[in-house]
Amino acid sequence: MSFGSILHTNPSSTEGVLTLTLLQIITILLAARAVSWLFRRLGQPAVVGEMAAGILLGPSLFGALAPGTFHTLFGSGVQGLSVISQIGLILLMFQIGMEFDFSHLKTGANRRAVSFIWPAGILIPFLLGSVLGWFGHDSLDAASPKTIFVLFISVSMCITAMPVLGRMLLELNLTRTRIGTLTITCAAFDDITGWLLLAVISALATSHLDLSGFALRLAAIGAYLLVFWFLVRPVITGWLKPKTKNEDPLSLGAMTCVLALVFVSALATQQLGIHAIFGGFWMGVLLHKESAFVQAWRQHAARFVTVFFLPIFFTFTGLRTNIPGLNSWTLWGWCALVFVCAFAGKFGGCWMAARLSGLPQRPSCCIAIMMNTRGLLELIVANVGYDLGLIPASVFTMLVLMALLSTVVTAPLLKLWRADSCD
């Protein structure tokens, strides 16, 4: 059987759906490995290559060079990829939630620096994003209400990609340095604040600006958070503790129970109208102190989530990213403004706050550079906004390009400033 005949298997049959999905996965995984290898040779983290591979497999390159093959492979049958990418995001956000560690704040000097940098890393980008969203709403033909659009663009400027940042700190041997500790802690607080703001905006958008409906939705979200924190958390942690002492922390029983709760939490947040990924994230936060389970997850499960699910999510994002769709100088001008506001807000705000907290010039610049890393989490935010209809396709493409570019420049700038020699 030829490759062409495989591609033209009846897509409406179960066999056809499976065949097409398997071909898509094979293509995605091989492309992600190849491009990430190339980017690592260029001095970039592997995740940057995976992000780039997702865009290259979309209409921006693959679709332009081989439109027939692209349409057959990705044009009409991406339902399987969509579901897999959403499940992968839930598990990924669960992992991210488990990575939050606030023990770095025990040092007084660190607390002072974080207390300056963290709010500035949210407030300054938020204000610049508000101005950008206010003037861009009509020009960019956004269909969502102006208030919702402005709030969403503001939040999208605030994100720091803590998972990507963590990888960079490891690769640059900065995990045990002061600037590494300060940056990852500030990124954690920024991300928590950003996700909470995004949850509020999602709830506001799904209530269609009905204040009474919005208040009820917020109350339901608050109830969900409290129930999981005060009822579910003690039960699951109490059940896990003896198991992590007497047997494999990631035993079949522990894995089954935790995964079931992760998906229950995701289902709850989806029903509350704030996207299923928040449920995965909150479940990870609840378990972040279970060090034995977290370590076992890192060793046995995290790599599969990263190798299998992440490239699929990046490709699903790439299929929505149409760079040729920015077909006017006006749109490219807005794209440049998005990047300038994102970079200036995050870098400028964090640098200024670090200097005010008493940090020297070079460590302040290194922290500001790292806090500007958008990476994966910006792509998640962009997808949430696109799924909810808050942003048009052109703005989605701009945010994807901003996430990629802000991540690509981080490693070279850190090496230029010699972050490894900072105190």
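**Exercise 1. Find what share of the protein chain counts as buried, and describe its secondary structure.**

Solution. Start with burial: of the 423 residues of the protein chain, 54% count as buried. Here buried means under 20% relative accessible area, exposed means over 50%, and partly exposed lies in between, with a 1.4 Å probe and protein chains only. Next, the secondary structure comes to 20 helices and zero strands. Helices (H or I, at least four residues) and strands (E, at least two) are DSSP runs, numbered from the N terminus. Finally, look at contacts, meaning heavy atoms within 4.5 Å: among those between residues at least 6 apart in sequence, 80% join residues at least 24 apart.

A word on the model before going on. It is a predicted model, in which local features need pLDDT of at least 70 and side-chain atom pairs count only at pLDDT 80 or more, while totals for chains, interfaces and linings use all residues. Residues are numbered from 1 along each chain as its sequence is written, and side-chain values use heavy atoms, with hydrogens and water left out.

**Exercise 2. Work out how helices α10 and α18 pack, and which residues meet.**

Solution. Take the geometry first: α10 (residues 178-206) and α18 (residues 375-387) pack at an angle of about 5°, and their axes are 12 Å apart. Axes are lines fitted to C-alpha atoms, for helices over the stretch in contact, and angles run from 0 to 180 degrees between N-to-C directions. The two helices α10 and α18 are therefore roughly parallel to each other; that label covers angles under 35 degrees, with over 145 as roughly antiparallel, 65 to 115 as roughly perpendicular and the rest as oblique.

Now the residues: α10 brings Asp-191, Trp-195, Leu-198 and Ser-202, which meet Leu-377, Ile-380, Val-381 and Val-384 of α18. By class, this contact of α10 with α18 has six nonpolar, one polar and one charged residues. Ala, Val, Leu, Ile, Met, Phe, Trp, Tyr, Cys and Pro count as nonpolar, Asp, Glu, Lys and Arg as charged, and the others, Gly among them, as polar.

**Exercise 3. Decide whether α18 is enclosed or open, and check its span.**

Solution. Count first: 11 of the 13 residues of α18 are buried, so α18 is largely enclosed by the rest of the structure. Among the buried residues are Glu-378 and Asn-383. Then check the span: α18 reaches 19 Å from its first C-alpha to its last, close to the 18 Å expected at 1.5 Å a residue. The expected span is 1.5 Å times one less than the number of residues. After α18 comes Gly-389, whose phi is positive, near 75°.

**Exercise 4. Say where Asp-141 is found, and whether it is buried or exposed.**

Solution. Asp-141 is found in the loop between α7 and α8 (146-156). With a relative accessible area of 62%, Asp-141 is exposed. Its phi is positive, about 55°, although Asp-141 is not a glycine.
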